[in-house]
Amino acid sequence: NQSALTITNDGCTADDVLNLTVTPKPADDVTNATICSGETYVWAANGLSYTTNQSALTITNDGCTADDVLNLTVTPKPADDVTNATICSGETYVWAANGLSYTTNQSALTITNDGCTADDVLNLTVTAMPVWYLDADGDNYAESTITQCASPGVGYTTTVLPITDCDDTNFNINPGVTEIPGNGIDDDCNAATPDGALDIEDDFNLNNLLITPNPFSSTLNIKLPLSYNNDEFNIKIFDLNGRLVFSKQYSSINGTINVTNLNRLEQAPYLLKVINKETGRSVVKRLIKY
């Protein structure tokens, strides 16, 4: 700045005086901007495009014009939003990311989103439908199986077990125990193992237990002594290898038990075991399925 800077001339010439003002340079014109990864920013100051971070990128202008400064932040793309899911064979999985249904294995199936949004990734595993073994008494011998995705309930396990238990309510009755002679119980689940209970002098024995027809096709009628009317009985049928092929609980009505739906059994000889639930006594008879 110059204020009244004077050049003094002779008396016939005017003095020269200078007043000079220096205008300060304006403050920087700063642009702060943010874009997502993969996007492009066009800076109005120079019309150029930028895709990476810029810190105090400066265009220097003349002293009367503010310098242009760019601070550009590129936001990193968020980590993938990964969904790991498992279904059983035959089931359907609906992915919330796109609302579509899937029934087969998917490995890193990806929906690619913009740079500010995480990509969606699906890992879907389809497993074979498990076999559940019913071992209600926990003796490691199963009574039956069922194939489905979810557990059928208490007493079921996916551990492979022999399906040879003849009384799944009693831990001490299974093919792994030794038959106790004379107790009237099929301890080892083998109707062919002598028990001795058939020699007990009781009205519940082979002499007064009538089973018809024999040979049979699909139905059996078991005639019991009238003293056992309305009693509960377990009716079990074994093949000659000792394998349990039929088991059901019945109540005697008028001294009779009608066993139906036996048509699924193969044509072969069988052993029928009738067990009184109250006393535990049992009798065994040979049958022929035609």
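Analyst: A disulfide is called here when two cysteine sulfur atoms lie within 2.5 Å. The model is a predicted one, and by this rule the count comes to 2 disulfides.

User: What makes C36 and C116 a disulfide?

Analyst: The sulfur atoms of C36 and C116 are 0.9 Å apart, and the criterion asks for a separation within 2.5 Å, so the pair is assigned as a disulfide. The torsion about the S-S bond of C36 and C116 is about -40 degrees, so this disulfide is left-handed. C36 lies in strand β3 and C116 in the loop between β11 (106-111) and β12 (120-127), so the pair ties together parts that are 80 residues apart in sequence.

User: Why are C12 and C64 called exposed?

Analyst: Exposed means over 50% relative accessible area. C12 has a relative accessibility of 81%, so C12 counts as exposed. C64, with a relative accessible area of 63%, is exposed by the criterion of over 50%.

User: What makes K25 and D67 a salt bridge?

Analyst: Side chains of opposite charge can pair when their charged atoms come close. The closest N and O atoms of K25 and D67 are 3.2 Å apart, and the rule requires a side-chain nitrogen of Lys or Arg within 4 Å of a carboxyl oxygen of Asp or Glu, so the pair is assigned as a salt bridge. K25 lies in the loop between β2 and β3 and D67 in the loop between β6 (54-59) and β7 (68-75), so the pair ties together parts that are 42 residues apart in sequence. K25, at 34% relative accessibility, counts as partly exposed, whereas D67 is buried, with a relative accessible area of 11%.

User: How many salt bridges does the structure hold, and how do you know that K77 and D119 form one of them?

Analyst: The structure holds 4 salt bridges. For K77 and D119 the closest N and O atoms are 3.0 Å apart, which is within 4 Å, so this pair meets the criterion. K77 stands in the loop between β7 and β8 (81-88) and D119 in the loop between β11 and β12, 42 residues apart. K77 is partly exposed at 31% relative accessibility, while D119, at 11%, counts as buried.

User: What makes R243 and D239 a salt bridge, and is D239 buried or exposed?

Analyst: The closest N and O atoms of R243 and D239 are 3.2 Å apart, and since the limit is 4 Å, the pair forms a salt bridge. D239 has a relative accessible area of 12%, which is under 20%, so D239 is buried. R243 is partly exposed, with a relative accessible area of 48%.

User: Why do β16 and β20 count as edges of their sheet?

Analyst: The open sheet of 3 strands has the order β16-β17-β20, with antiparallel pairing. β16 (210-212) and β20 (256-259) each have a single partner strand, so one side of each is left without a neighbour in the sheet. Neighbouring strands of this sheet are turned by 15 degrees against each other on average, direction ignored.

User: How do you know that β16 and β17 pair?

Analyst: DSSP has to find at least two bridges between two strands; β16 and β17 (residues 220-223) have 3 bridges in the antiparallel sense, so they count as paired. Within this pairing, I211 stands opposite I222 in β17.

Notes
Residues are numbered from 1 along each chain as its sequence is written. This is a predicted model: local features need pLDDT of at least 70, side-chain atom pairs count only at pLDDT 80 or more; totals for chains, interfaces and linings use all residues. Side-chain values use heavy atoms; hydrogens and water are left out. Helices (H or I, at least four residues) and strands (E, at least two) are DSSP runs, numbered from the N terminus. Axes are lines fitted to C-alpha atoms, for helices over the stretch in contact, and angles run from 0 to 180 degrees between N-to-C directions. Buried means under 20% relative accessible area, exposed over 50%, partly exposed in between (1.4 Å probe, protein chains only).
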